[in-house]
Amino acid sequence: GSDASLGDQVGHKIIGIDPGAGIMTATQKAIEDYGLSDWNLVEGSGAAMTATLDKAIKKEDPIVITGWTPHWMFSKYDLKYLEDPKKSYGEAEEIHTIARLGLKEDQPEAYQFLSNFQWTEEEMGEVMIAIQDGKPEAQAATDFIAAHPDRVAEWTDGITPVDGNEITLAYVAWDSEIASFNVVQQILQDKLGFKVKGLQVDAGPMWLGVAQGDADASLAAWLPLTHADYLSQYEGKIEDLGANMTGVKTGLVVPAYVDANSIEDLVS
Ligand SMILES: C[SH](C)CC(=O)O
């Protein structure tokens, strides 16, 4: 590559996503922790970030993005996380399901299923990649359910179906949470008799919606670090039903052809 620093090559820009996402707070902290004062974090969305990434990779241009696992981009492109020796992005993260207070009493069947639901990166990947390859979201979820009857039976074991009870699930338009929302919506509808409404909002309104009861639950709570600020803001106003996925992570990500291996390499 050229002898210009990576910072010069990318205009000292980190391509981020929606401003309310916890990864954006963590990246601001990384900028401080590593003394990247001449770098700027660009706000946008998950979709805009992957479109910018695709353009850069097609031209084999350098680029630095905020990235997370699970995400389909790791199977589509040859990417790597920059090492984070100062742990600005924390250790192993989990995606949790949170519920409004009172859900257990009002909708015990939904509460039980949402407490049971936990799946793997590979399973989520099947749905995410099908959607990325153009399959409609609901169809990708229905196909997943048809392909995994044993898992669906496990998650719904012992739960008596209801007759049209309404449930609202809040989620943020991150590819990972689009997948989990659609699978949970389809199971609640097709197997347990619920009518499920989706509330697609930013991270802040998602937490607020569950805390205020406008939404019954959400599968998009990244903890313990990524959404730590939201959890402390709404402590006692929501119920954490535990992890729906473990072993996830967030960080700075570059194409494998970029000559950097650690966030420390961004200091020009
Ligand atoms: C982008 S990760 C899916 C979650 C978050 O950063 O809030």
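## Ligand contacts

An oxygen atom of the ligand sits 2.6 Å from an N or O atom in the side chain of H227. Ligand oxygen also comes 2.7 Å from a polar backbone atom of G22 and 2.8 Å from a polar backbone atom of I23. A polar contact here is a pair of N or O atoms within 3.5 Å.

The residues around the ligand, meaning those with a heavy atom within 4 Å of it, are I17, A21, G22, I23, W68, W174, W222, T226 and H227.

## About the model

This is a predicted model, where local features need pLDDT of at least 70 and side-chain atom pairs count only at pLDDT 80 or more, while totals for chains, interfaces and linings use all residues. Residues are numbered from 1 along each chain as its sequence is written, and side-chain values use heavy atoms, with hydrogens and water left out.

## The cavity

How many cavities of 30 Å³ or more does a search of the whole structure find? There is one, and the volume of this largest cavity is about 100 Å³. On a 1 Å grid over the protein atoms alone, a cavity is a set of points where a 1.4 Å probe fits but cannot get out, and lining residues have an atom within 4 Å of a point. Volume is the space filled by probe spheres set on the points, which are joined across faces, edges and corners.

The lining consists of I17, A21, G22, I23, W68, W174, S176, E177, W222, T226, H227 and T250. By type, six are nonpolar, five polar and one charged, with Ala, Ile and Trp among those counted as nonpolar, Glu among the charged and Gly among the polar.

How values were computed
1 Å grid on protein atoms, 1.4 Å probe; cavity = no way out; pocket = protein on both sides within 12 Å on 5 of 7 lines; lining within 4 Å. Polar contact = N/O pair within 3.5 Å; in protein donor to acceptor, adjacent residues only side chain to side chain.
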